[in-house]
Amino acid sequence: NSASREDYLEMIYELSQKDSKFKAVDIANKMNISRASVSEALQKLAEQGYIIYEKYKPAVLTEKGLTVAKEVLQKHQVLFSFFKDFLNLTEDEAQINACRIEHVITDSAFERIKRIIN
(Lines give C-alpha, C1' and ligand atoms only; values in the text may rest on other atoms or scores of the structure.)
Protein backbone atom coordinates (compact mmCIF):
# COMPACT_ATOMS: atom_id res chain seq x y z
CA ASN A 1 0.00 0.00 0.00
CA SER A 2 1.05 3.62 -0.36
CA ALA A 3 1.62 4.17 3.39
CA SER A 4 4.06 1.27 3.50
CA ARG A 5 5.79 2.49 0.32
CA GLU A 6 6.08 5.98 1.80
CA ASP A 7 7.51 4.59 5.06
CA TYR A 8 10.17 2.66 3.16
CA LEU A 9 11.12 5.62 0.97
CA GLU A 10 11.30 7.90 4.02
CA MET A 11 13.49 5.35 5.84
CA ILE A 12 15.79 4.88 2.83
CA TYR A 13 16.16 8.65 2.55
CA GLU A 14 16.94 9.07 6.25
CA LEU A 15 19.44 6.20 6.31
CA SER A 16 21.15 7.36 3.12
CA GLN A 17 21.66 10.82 4.67
CA LYS A 18 23.54 9.24 7.59
CA ASP A 19 25.39 6.40 5.83
CA SER A 20 25.53 5.77 2.08
CA LYS A 21 26.48 2.14 2.72
CA PHE A 22 23.41 1.16 4.77
CA LYS A 23 22.00 -2.32 4.17
CA ALA A 24 18.53 -3.88 4.05
CA VAL A 25 19.16 -5.26 7.54
CA ASP A 26 19.47 -1.65 8.79
CA ILE A 27 16.01 -0.92 7.38
CA ALA A 28 14.66 -4.10 8.98
CA ASN A 29 16.10 -3.14 12.37
CA LYS A 30 14.85 0.47 12.24
CA MET A 31 11.36 -0.54 11.09
CA ASN A 32 11.26 -3.62 13.34
CA ILE A 33 10.35 -6.04 10.52
CA SER A 34 11.97 -9.11 9.02
CA ARG A 35 14.87 -8.91 6.60
CA ALA A 36 12.87 -11.00 4.11
CA SER A 37 9.97 -8.51 4.18
CA VAL A 38 12.39 -5.67 3.54
CA SER A 39 13.99 -7.46 0.59
CA GLU A 40 10.58 -8.12 -0.93
CA ALA A 41 9.51 -4.50 -0.45
CA LEU A 42 12.76 -3.18 -1.94
CA GLN A 43 12.29 -5.37 -5.01
CA LYS A 44 8.76 -3.98 -5.46
CA LEU A 45 9.97 -0.40 -5.03
CA ALA A 46 12.64 -1.04 -7.68
CA GLU A 47 10.04 -2.50 -10.08
CA GLN A 48 7.87 0.60 -9.54
CA GLY A 49 10.80 2.91 -10.31
CA TYR A 50 11.25 4.43 -6.83
CA ILE A 51 14.69 2.97 -6.13
CA ILE A 52 17.62 1.21 -7.73
CA TYR A 53 18.23 -1.98 -5.78
CA GLU A 54 20.61 -4.89 -6.07
CA LYS A 55 20.96 -7.54 -3.39
CA TYR A 56 23.73 -6.82 -0.89
CA LYS A 57 24.01 -3.19 -2.03
CA PRO A 58 22.38 -0.10 -0.56
CA ALA A 59 19.10 0.99 -2.13
CA VAL A 60 19.41 4.24 -4.06
CA LEU A 61 16.43 6.54 -4.49
CA THR A 62 15.54 7.51 -8.05
CA GLU A 63 14.32 11.05 -8.74
CA LYS A 64 10.74 9.73 -8.36
CA GLY A 65 11.59 8.07 -5.04
CA LEU A 66 13.46 11.09 -3.76
CA THR A 67 10.49 13.36 -4.49
CA VAL A 68 8.10 11.12 -2.54
CA ALA A 69 10.58 10.64 0.33
CA LYS A 70 11.12 14.38 0.75
CA GLU A 71 7.36 15.08 0.67
CA VAL A 72 6.67 12.45 3.33
CA LEU A 73 9.56 13.65 5.48
CA GLN A 74 8.32 17.25 5.30
CA LYS A 75 4.81 16.15 6.27
CA HIS A 76 6.24 14.13 9.14
CA GLN A 77 8.32 17.04 10.45
CA VAL A 78 5.47 19.56 10.19
CA LEU A 79 2.94 17.21 11.82
CA PHE A 80 5.39 16.23 14.56
CA SER A 81 6.00 19.90 15.34
CA PHE A 82 2.27 20.62 15.34
CA PHE A 83 1.49 17.76 17.75
CA LYS A 84 4.43 18.44 20.03
CA ASP A 85 4.59 22.24 20.07
CA PHE A 86 0.97 23.24 19.50
CA LEU A 87 -0.95 20.36 21.07
CA ASN A 88 1.69 19.72 23.76
CA LEU A 89 1.80 15.97 23.19
CA THR A 90 4.79 13.99 24.40
CA GLU A 91 7.52 13.32 21.84
CA ASP A 92 6.43 9.67 21.59
CA GLU A 93 2.79 10.52 21.05
CA ALA A 94 3.66 13.28 18.57
CA GLN A 95 5.86 10.80 16.69
CA ILE A 96 3.16 8.11 16.57
CA ASN A 97 0.52 10.52 15.31
CA ALA A 98 2.82 12.11 12.73
CA CYS A 99 3.71 8.65 11.37
CA ARG A 100 0.09 7.66 11.03
CA ILE A 101 -1.36 10.89 9.72
CA GLU A 102 1.39 11.78 7.22
CA HIS A 103 -0.06 9.16 4.86
CA VAL A 104 -3.72 10.13 4.96
CA ILE A 105 -3.91 13.88 5.51
CA THR A 106 -5.40 15.88 2.64
CA ASP A 107 -3.25 18.50 0.94
CA SER A 108 -5.51 21.35 2.08
CA ALA A 109 -5.47 20.22 5.72
CA PHE A 110 -1.69 19.82 5.60
CA GLU A 111 -1.22 23.29 4.09
CA ARG A 112 -3.34 24.82 6.88
CA ILE A 113 -1.31 23.07 9.58
CA LYS A 114 1.89 24.22 7.86
CA ARG A 115 0.61 27.82 7.90
CA ILE A 116 -0.22 27.54 11.61
CA ILE A 117 3.26 26.38 12.61
CA ASN A 118 5.02 28.88 10.38
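**Stop one: the largest pocket**

Start by selecting H1, which gives the most to the lining of the largest pocket, with four residues. (Helices are DSSP runs of H or I, at least four residues, numbered from the N terminus.) Before you go on, note that this is a predicted model, where local features need pLDDT of at least 70, side-chain atom pairs count only at pLDDT 80 or more, and totals for chains, interfaces and linings use all residues. Residues are numbered from 1 along each chain as its sequence is written, and side-chain values use heavy atoms, leaving out hydrogens and water.

Now select the whole lining: Asp7, Glu10, Met11, Glu14, Leu73, His76, Gln95, Cys99 and His103. Helix H1 (2–18), helix H4 (63–86) and helix H5 (91–101) are the elements that give two or more residues here. A pocket is an open set of points on a 1 Å grid over the protein atoms alone, where a 1.4 Å probe fits, with protein on both sides within 12 Å along at least five of seven lines; lining residues have an atom within 4 Å of a point. This one holds about 240 Å³ of space, the volume being what probe spheres set on the points fill.

**Stop two: the second largest pocket**

Next, pick Asn1, Ser4, Arg5, Tyr8, Ser37, Ala41, Lys44, Leu45 and Gln48, which line the second largest pocket. Its volume is about 160 Å³. Which helix gives the most to this lining? H3 does, with four residues.
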